[in-house]
Each structure stands twice: as C-alpha cells, then as structure tokens.
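Dear colleague,

Please find below the sequence and structure that I am handing over to you. My notes on what was found follow directly after.

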Amino acid sequence: MAITCKAAIADGKGGFSVQDIVVHEPKDDEVLVKIKAAGLCHTDHDSLNWGKQLIIGHEGAGVVVSVGKNVSSVSPGDKVILNWAMHCGKCFQCLEGNQHLCEVASPVAAGGNGYTPGHADLDGTTYNGEPVLRSFNIGTIAGYTLVKESAVVKNPSDIMSFPAASIVSCGVMTGYGSVVNAAKLKAGSLAVVLGTGGVGLNVIQGAKVAGAGMIIAIDINPIRLEMAVKFGATHTILAAKDDTGLLKAAEEVKELTGGRGADYAFECTAIPELGAAPLAMVRNAGTAVQVSGIEQDITIDMRLFEWDKIYINPLYGKCRPQIDFPDIVQHYTSGHILLEEMITRTYPINELDKAFDDMLKGKNAKGVIVFD
C-alpha cells in the first residue's frame with residue numbers, strides 16, 4: 001500500500017520546497033521507515049546546489065513500518081537509526097574493514113551522492129509521478145523513507161528520544177569516530193579541538209570517552225566554549241578572529257602542554273584557511289586530524305610537519321554502523337555521551353527554511369526537524 005507524505009525536495013539550483021511524495025512498499029532487501037526526527041547539518045544546505053532534484057536529509061531516526069522478505073536485522077515496530085554508510089560486505093574496502101568506503105554501495109565513495117546499489121529502488125519513491133533521488137541514499141527530511149537494510153541500525157535504547165537518536169547518524173558519529181576509530185586516541189593523551197560546533201562537541205565527547213588526560217577547546221565564540229566545557233573540555237582558548245592559521249592559539253596550546261604541543265589535534269571548523277592549523281598544535285610525532293571535510297585547495301607550510309607528524313582525513317569517523325551506533329547508544333545510556341543537551345531547537349518540516357537560517361547564523365549547536 002502506497003503512502004503519501006511530505007518531503008523537502010531540493011531543486012538542485014539552491015532552493016527547495018516541501019511537497020507530497022508517494023512511498024511504496026519495500027522490495028526484498030528494503031525497509032520502510034516512518035521518520036520521527038531528522039538532524040540538520042551544513043551538508044544538507046550544500047545539497048541544495050548539487051545540480052539534481054533530490055529529497056534532502058542524511059541524519060535521521062524513526063520506526064520500521066514494513067520490511068522486505070530478505071530483511072532479517074529489523075522488524076516492524078523496531079526503533080532505528082538511519083545510516084548513510086551503506087556497504088556491500090564483499091568489495092575490496094569492505095573486506096579491508098572499511099565499510100564506510102564501500103566501493104559498491106557508498107553514496108560518497110562509490111556514487112558522489114548520486115544513485116548507487118546502496119539506494120533503494122528508485123521506483124519506490126515518486127514525486128509528481130516520477131522517481132526521485134534521496135540525499136545520501138536515505139533522504140531523511142520526509143515523513144517516510146524507503147532504504148536498503150544496510151541503512152538502518154536497530155536502536156536498543158528505551159530512553160533515547162528520536163531527536164537525540166537522529167543526530168547519531170552523522171554529526172555524533174563523525175566526531176566520536178574521528179577520535180576512537182581514526183585517531184585511536186590513547187588514554188591519558190593530550191587533545192586539542194579546533195571549533196566547537198556540533199561535530200567539535202562530539203570530538204570532545206569522543207576524547208572524553210577514550211580517556212584523554214587533557215582536552216583543550218579552541219573557538220572564537222565564548223558561548224561555544226562554555227558548551228565545550230559542559231561536554232567535556234578541560235581547558236579553553238578564546239581565539240582571535242585575526243589569528244591567521246591559529247598560530248597564536250597554537251602557542252597557548254604549547255604553554256598548556258609543557259611547551260611540547262598536544263598529542264592529537266582535531267580540525268572541526270570547515271574553514272579552508274584552517275586546514276593546516278592542527279599541524280601547528282601537535283608535538284613532534286603527533287597526529288593532526290582533519291574532521292570537517294575541507295575539499296578546497298589550501299597552501300600548507302611544510303615546516304608544520306616537522307617532525308614526524310601525521311595528518312589524516314577520515315570519512316564519517318570510519319563508521320562501522322552495526323558496531324559504532326550501539327556503542328554510542330551505550331555511552332549515552334551510561335551518561336558518558338550527551339545528546340539531548342546538544343539539540344538547541346526542533347522544527348516542523350514547514351519551518352525548514354528557518355532551521356537552515358538559524359544553522360547558517362550559528363544559533364544552534366544542532367537543529368532537528370521533527371515529524372508527528
């Protein structure tokens with residue numbers, strides 16, 4: 001039985017509108033999910049300009065409505081967290097343990113955010129009678145979404161709200177995973193986090209869970225730094241807007257770390273000019289992590305690599321959905337990771353334009369679209 005619901009549809013030219021779509025019953029390996037909440041991030045706003053019509057959204061949580069005959073991991077009525085790192089389990093990268101880089105199903109590594117075998121059958125969702133793409137193969141800013149089984153992870157928590165669950169899908173996973181999976185931060189280590197927005201706060205939480213001995217948060221916004229302390233930062237540095245490359249802030253980091261520098265530095269600003277900044281923060285043989293996904297050309301003074309420094313650029317915190325999502329839920333349940341506290345405001349779908357505006361103006365740590 002087909003379902004008609006509202007969805008936010010990008011026109012590919014910078015705009016969007018909320019329209020009716022029709023979602024059909026799942027095929028053999030598909031799952032139909034009633035979306036209850038969808039987190040919002042800058043990538044969703046970027047998707048308005050991808051040159052294609054698609055349903056917006058890549059963070060979400062909801063309830064399984066129905067499943068295809070070959071689906072075994074979830075059942076109707078299960079609460080689930082949506083996951084855009086689909087994987088086939090058989091390609092080179094999957095066999096190497098890099099599910100997030102699946103060469104077949106990933107909407108990023110395999111498809112450039114277009115259609116891949118990780119996308120549910122296009123005919124299963126239509127707009128004005130024509131098939132419509134879903135952002136990152138899941139399109140969560142919609143009343144219902146039809147996805148492949150690998151795009152859902154059962155949520156075992158009885159206490160986690162749907163808005164809290166929805167932000168696990170990307171921002172929380174990216175920050176947490178960049179520390180735990182990518183950097184493999186060692187207990188007792190000294191860490192510095194550049195930028196304390198939604199992703200940066202989750203890097204801080206990941207460092208706290210990993211047992212960092214010192215977590216230094218850097219931002220130009222004092223209110224953000226207050227939040228950083230709430231989420232686990234042990235020290236803060238209020239950076240100056242004219243501090244090119246954060247080199248002055250780097251000197252303050254060295255003063256806090258015995259003149260040596262941090263063991264790990266995580267760049268979470270998404271500002272291209274700060275792409276090399278974490279290298280200035282770490283000690284010799286330290287690790288700099290570019291978390292925010294900068295893709296522009298930047299110039300790097302190679303002396304920043306002296307000596308033996310490592311610079312990595314992980315995707316999605318090297319997400320292993322069926323392992324990492326339950327771990328994050330467990331840390332939430334035990335009180336070691338805060339989620340509800342990260343959500344500044346929720347919005348109905350017809351206020352998506354307001355939600356985007358608040359996000360772009362930096363008013364929210366995290367905004368979430370909620371559905372009935």
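**Overall architecture**

The chain contains nine helices and 19 strands, where helices (H or I, at least four residues) and strands (E, at least two) are DSSP runs numbered from the N terminus. Please note that this is a predicted model, in which local features need pLDDT of at least 70 and side-chain atom pairs count only at pLDDT 80 or more, while totals for chains, interfaces and linings use all residues. Residues are numbered from 1 along each chain as its sequence is written, and side-chain values use heavy atoms, with hydrogens and water left out.

The radius of gyration of the chain is 20 Å, which agrees with the value near 21 Å that a compact globule of 372 residues would have; this radius is taken over C-alpha atoms, and the globule rule is 2.2 Å times the number of residues to the power 0.38. Along the principal axes, the C-alpha atoms fill a box of roughly 65 × 40 × 40 Å. Of the 372 residues, 55% count as buried (buried means under 20% relative accessible area, exposed over 50%, partly exposed in between, with a 1.4 Å probe and protein chains only).

**Helix H6**

Helix H6 spans residues 247-256, and its buried residues are Ala249, Ala250 and Val253. These cover an arc of only 105° around the axis, which puts them on the same side of H6; the arc is that of the directions from the helix axis to the C-beta atoms. Lys248 and Glu255, on the other side of H6, are exposed. The buried residues of H6 pack against strands S12 (190-194), S13 (214-219), S14 (235-238) and S15 (262-267), and against helix H7 (277-281), a contact being heavy atoms within 4.5 Å. Just after H6, Gly258 takes a positive phi of about 65°.

**Strand S12 and its partners**

Strand S12 is largely enclosed by the rest of the structure, because four of its five residues are buried. S12 and S13 run parallel and are joined by five bridges; two strands pair if DSSP finds at least two bridges between them. The bridge partner of Val192 is Ile216 in S13. From S12 the chain crosses through helix H4 (residues 198-210) to S13, in a right-handed β-α-β crossover. Right-handed here means that, with the strands pointing away from the viewer, the path from the first strand over the helix to the second runs clockwise.

S12 also pairs with S15, in the parallel sense and over four bridges. Ala191 stands opposite Tyr264 in S15.

With kind regards
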